[in-house]
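Please look over the sequence and the model below before reading on.

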Amino acid sequence: MKIALLDDYHDVALRYADWSVLDAEVTALRDPLPEGAARIEALLPFDVVVAMRERTPFPAELIRALPQLKLLVTTGLRNQAIDMAAASASGVLVCGAPGSAEAAGATAELAWAHLLALFKHLPQEDAAMRRGMWQTGMPQPLAGKRLGVLGLGKLGQAVARVGQAFGMDVVAWSPNLTDERAAQAGVRRLDKAELFATADAVSIHLVLSERTRGVVDAESLAAMKPTAYLVNTSRAGLVDQSALMDALDKRRIAGAGLDVYPQEPLPPMDPLRDRDNVILTPHLGYVSQSNFEAFYRNALKAVLAWQAGTPVHVLNA
């Protein structure tokens, strides 16, 4: 049996789980696989593939092109980049591998790292200090500012609590949010238009679906204050990317903090890298040693359970 561990950017997959318990040839692939025929050729020999989140998509055409594939394990318990129907039709079982309980908190922490860096102009001041300069900007206090949270699940609530601790006026919106649920989280629900028009910062914490794709549209961005910031540590597909680039280029918003991108890894020549009003991180929201250890150990358990005929965390049942 041959097993591929995909997109092991940190070179930790073989260390974070004891793959030697399997009677298998296990290969960790550190670099992203090129698209098209080269990706198919690279994956053809493998019976089992362990995918790291949505780094490598598995559309129907790729799944159909891999007749040897029997088990596809994804870290996490959902993966929008896998065509589940195509996997079922091809006889490929898809199983999830849960991460650690601290993962949600880590994403909220990263969102706040972006928010603080934007309000306090940290990248600009750091760069200026290294050029011998001193106090080139005017940091903004958080107290009294309005924080708009899109999505009030575990992540959104964690972000909201920190905003409240800083003395911010925290408001929220999502397609299904009610006044009662918002009040239970200690925040006020606003309609989408009012939230974008009045917030000093908007932080996105929604699950990407057909209903939420592009939910931060050109109209929403146009409604934002020219002094306001947008932070996205969720999924790039939630935001109209061309409208965001237009808003940044024309300074219609003060800036953005981004951890997610339409293409990942972000290409070296992507125009976002040249924008001085954007803070960029390489999809770090879920990246931590504890989370990756849980991912790989649970992926190993998924393979062992499948071998034993008792698969766990089946996603395409």
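## Terms and basis

A residue is called buried when its relative accessible area is under 20%, exposed when it is over 50%, and partly exposed in between, using a 1.4 Å probe and protein chains only. This is a predicted model, in which local features need pLDDT of at least 70 and side-chain atom pairs count only at pLDDT 80 or more, while totals for chains, interfaces and linings use all residues. Residues are numbered from 1 along each chain as its sequence is written, and side-chain values use heavy atoms, with hydrogens and water left out.

## The annotated domain

The UniProt record, an unreviewed entry, places the feature "domain: D-isomer specific 2-hydroxyacid dehydrogenase catalytic" at residues 38-311; UniProt positions are given in the numbering used here, feature names are shortened, and annotations may be inferred rather than shown by experiment. In the model, this span is 38% helix and 15% strand, and its end C-alpha atoms lie 30 Å apart. Helices (H or I, at least four residues) and strands (E, at least two) are DSSP runs, numbered from the N terminus.

## Helix α4 and the residue after it

Helix α4 covers residues 103-120, and its 18 residues reach 26 Å from the first C-alpha to the last. That is close to the 26 Å expected at 1.5 Å a residue, where the expected span is 1.5 Å times one less than the number of residues. Its buried residues include A103, T107, L110, W112, H114, L115 and F119.

Directly after α4 comes H121, which lies in the loop between α4 and α5 (122-130). The phi of H121 is near 55 degrees, a positive value in a residue other than glycine. H121 counts as buried because its relative accessibility is 17%.

## Two further backbone details

H283, in the loop between β12 and α11 (289-307), also has a positive phi, of about 50 degrees, although it is not a glycine. With a relative accessibility of 13%, H283 counts as buried.

The peptide bond from E264 to P265 is cis, with omega near -5 degrees. P265 is placed in the loop between β11 (255-258) and β12 (278-280).

## Aromatic pairs

Rings of Phe, Tyr and Trp (its six-membered ring) pair if their centres lie within 6.5 Å; planes under 30 degrees apart count as stacked, over 60 as edge-to-face and the rest as tilted. A search of the whole structure finds six aromatic pairs. In one of them, the ring centres of W112 and F166 are 5.4 Å apart and the planes stand at 50 degrees, so the pair is tilted. Because W112 lies in helix α4 and F166 in the loop between α6 (154-165) and β7 (169-173), the pair ties together parts that are 54 residues apart in sequence. W112 is buried, with a relative accessible area of 6%, whereas F166 is partly exposed at 37%.

F292 and F295 form another tilted pair, with 5.9 Å centre to centre and 50 degrees between the planes. Both residues lie in helix α11, three residues apart, or about one turn of the helix, and both are buried. Ring pairs link F292 and F295 with Y286 and Y296 into a cluster.

## Charges over rings

A charge sits over a ring if NZ of Lys or CZ of Arg is within 6 Å of the ring centre and within 35 degrees of the ring normal. R53 lies over the face of Y286, at 4.3 Å from the ring centre, and Y286 also belongs to the aromatic cluster described above. The charged end of R55 sits over the ring of Y9, 3.9 Å from its centre.
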